[in-house]
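Dear colleague,

Please find the structure below, together with its sequence. My notes on what was found in it follow directly after.

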Amino acid sequence: QVQLVESGGGLVQSGGSLRLSCAASGISVRFTNLAWYRQAPGKQRDLVARISVGGSTEYPDSVKGRFIISRDNAKNMLYLQMNNLKPEDTAVYYCNVLTPPYWGQGTQVTVSS
């Protein structure tokens, strides 16, 4: 079965960095479009980064220039490098496969002022 397991979340100070990882099984990250989403309490789940099979990436303005999505085909892993973190980045972060879709359980990122 398909499983996505996020890790790497935690508590950081404003301006700090974190690298989130998503370990995939039952699918190959090489052959699918992948994304990271986040959801803060009382808010919708929003896209924060997307990477295509061909390697093209998309970011919303809120994280553009600060976040980098990448994949490691050999390790079957998806990553999200988050730099210059801000308190408004505080949320649960989820890795995602577009269809049907698949979701991980999420990892908490908390950014203190």
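**Sheet, pocket and aromatic rings**

Gln 3 has Ser 25 of S3 as its bridge partner. That bridge belongs to the pairing of S1 with strand S3 (residues 18-25), which is antiparallel and runs over 5 bridges. Two strands are taken to pair if DSSP finds at least two bridges between them, and strands themselves are DSSP runs (E, at least two residues), numbered from the N terminus.

Some remarks on the basis of the values are in order. The model is predicted, and local features therefore need pLDDT of at least 70 while side-chain atom pairs count only at pLDDT 80 or more, although totals for chains, interfaces and linings use all residues. Residues are numbered from 1 along each chain as its sequence is written, and side-chain values use heavy atoms, with hydrogens and water left out.

**The open sheet**

The sheet is open and is formed by 4 strands in the order S1-S3-S8-S7, with antiparallel pairing. At its edges are strand S1 (3-7) and strand S7 (67-72), each of which pairs on one side only. On average, neighbouring strands of this sheet are turned by 15° against each other, direction ignored; the axes are lines fitted to C-alpha atoms, and angles run from 0 to 180 degrees between N-to-C directions.

Ser 70 is located in strand S7. With a relative accessibility of 26%, Ser 70 counts as partly exposed (buried means under 20% relative accessible area, exposed over 50%, and partly exposed in between, with a 1.4 Å probe and protein chains only). The C-alpha atoms of Ser 70 and Arg 19 are separated by 11 Å, and these residues are 51 apart along the chain.

**The largest pocket**

The largest pocket holds about 160 Å³ of space. A pocket here is an open set of points on a 1 Å grid over the protein atoms alone, where a 1.4 Å probe fits, with protein on both sides within 12 Å along at least five of seven lines; lining residues have an atom within 4 Å of a point. The volume is the space filled by probe spheres set on the points, which are joined across faces, edges and corners.

Of the 13 lining residues, Arg 38, Ala 40, Lys 43, Asp 46 and Glu 88 are the closest to the centre of the pocket. Strand S4 (34-39) and strand S5 (46-51) each supply at least two residues of the lining, and the largest share, 3 residues, comes from S5. By class, the lining has 5 nonpolar, 4 polar and 4 charged residues (Ala, Val, Leu, Ile, Met, Phe, Trp, Tyr, Cys and Pro count as nonpolar, Asp, Glu, Lys and Arg as charged, and the others, Gly among them, as polar).

**The aromatic cluster**

Tyr 37, Tyr 94 and Trp 103 form one aromatic cluster. Rings of Phe, Tyr and Trp (its six-membered ring) pair if their centres lie within 6.5 Å; planes under 30 degrees apart count as stacked, over 60 as edge-to-face and the rest as tilted. This rule gives 2 aromatic pairs.

In the edge-to-face pair of Tyr 37 and Trp 103, the distance is 5.1 Å centre to centre, with 70° between the planes. Tyr 37 lies in strand S4 and Trp 103 in strand S10 (residues 102-103), so this pair ties together parts that are 66 residues apart in sequence. The rings of Tyr 94 and Trp 103 are also edge-to-face, because their planes stand at 90°, with centres 6.4 Å apart. Tyr 37 is buried at 14% relative accessibility, and Tyr 94 is buried at 13%, whereas Trp 103 is partly exposed at 35%.

With kind regards
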